[in-house]
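Please keep the sequence and the 3D view open while reading.

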Amino acid sequence: MTENIVTTRLKGSGVDIIKKKIILTSPDKDAIIKITDRKDEIIIESAEVVKHGDYAIVKGYLNKSITYNTASKEQFKKLIGNEEDKDVNYRSLSSKLEIVVADGVVRHTTTWIPFEILVFIEGASEDDKVIIENKSIKSLCDNDEEVKDKSIIGILVQDIINIDVTVIKQGDNYGQEF
């Protein structure tokens, strides 16, 4: 007796929009003058079909790693001068001065933002296996820095997480005798 194993694969996609404010902290004597690098990573904790089927739930975290430069508030005030313009910040310095020098520190903040995505997969049942096929992040805004007193205090995260899953049906064995 030989047995043919038929594997049924069901596919689905789900998205989540994450909107959070991340406050960057530096010592009281420092001002954050520039965000220099950002790295995003999707970390999947679990993926399973829900109890009554037809949906998979994917749980995880969006890991954001942010690197930024600081300078003493005293130095920063000297660099921007006594400008009355509310819009003056580190971005406007390079157009007003030939050389900008700020002795500061490179700092780093890491956050983990939890998410849950429900993916509709018609025909899935709770014993089936869920495989993550693809995961991606897309930012909804370009200028997301929160500024107070002309220095950066944080960023506003507005990201879309997309997850593509495949469900492999369990128990789809059809025996045939030859």
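**Ile-161 and the nonpolar core**

- Leaving aside neighbours within four places in sequence, Ile-161 makes contact with Gly-14, Val-15, Asp-16, Ile-18, Ile-42, Leu-62, Phe-115, Ile-117 and Ser-136; the model in which these contacts are found is a predicted one.
- The largest nonpolar core has 27 residues, and of these Leu-24, Ile-121 and Ile-161 touch the most other members.
- At least two residues of this core are supplied by each of β2, β3 (30–49), β4, β5 (104–120) and β8, and the largest share, seven residues, comes from β8.

**Strand β8 and its partners**

- Strand β8, which spans residues 151–168, is mostly covered, since 13 of its 18 residues are buried.
- Strand β2 (residues 9–23) pairs with β8 in the antiparallel sense over 15 bridges, and within this pairing Ile-18 has Asp-159 of β8 as its bridge partner.
- Strand β6 (residues 129–139) also pairs with β8 in the antiparallel sense, over 10 bridges, with Lys-138 standing opposite Ile-160 in β8.
- Strand β7 (residues 145–148) and β8 are antiparallel as well and pair over four bridges; here the bridge partner of Lys-148 is Ser-151 in β8.
- β7 and β8 form a hairpin with two residues between them, and Asp-149 in that turn has a positive phi of about 50 degrees.

**The β3–β4 hairpin**

- β3 and β4 run antiparallel and are joined by 17 bridges, and the bridge partner of Lys-34 in β4 is Asn-69.
- Five residues lie between β3 and β4 in the hairpin that they form, and Gly-53 in the turn has a positive phi of about 80 degrees.

- Thr-67 is found in strand β4, and Thr-67 counts as buried because its relative accessibility is 19%, where the cut-off for buried is under 20%.
- Apart from neighbours within four places in sequence, the residues in contact with Thr-67 are Ile-35, Thr-36, Asp-37, Val-106, Arg-107 and His-108.
- Tyr-55 also lies in strand β4, which covers residues 55–72, but Tyr-55 is classed as partly exposed because its relative accessible area is 34%, a class that lies between the limits of under 20% for buried and over 50% for exposed.
- Together with Leu-118 and Phe-120, Tyr-55 forms a nonpolar patch on the surface, and the three residues have about 300 Å² of accessible area together.

**The loop between β6 and β7**

- Asn-143 is found in the loop between β6 and β7, and Asn-143 counts as exposed because its relative accessibility is 57%, against a cut-off of over 50%.
- Although Asn-143 and Leu-156 are 13 residues apart along the chain, their C-alpha atoms are separated by 8.9 Å.

**Points to check in the 3D view**

- Which residue in the turn between β7 and β8 has a positive phi? The residue is Asp-149.
- Is Thr-67 buried or exposed? Thr-67 counts as buried.

How values were computed:
Residues numbered from 1 in each chain as written. Predicted model: local features only at pLDDT ≥ 70, side-chain atom pairs only at ≥ 80, totals over all residues. Heavy atoms only, no water. Patch = residues over 30% accessible without salt bridge, like charges linked within 9 Å, V, L, I, M, F, W, Y side chains within 5 Å. Areas by Shrake-Rupley, 256 points an atom, 1.4 Å probe, with all protein chains shown as cover. Salt bridge = Lys/Arg side-chain N within 4 Å of Asp/Glu carboxyl O. Buried < 20%, exposed > 50% of the residue type's maximum accessible area, 1.4 Å probe, protein only. Pairing = 2+ DSSP bridges. Contact = heavy atoms within 4.5 Å. Core = buried A, V, L, I, M, F, W, Y, C linked by side-chain atoms within 4.5 Å.
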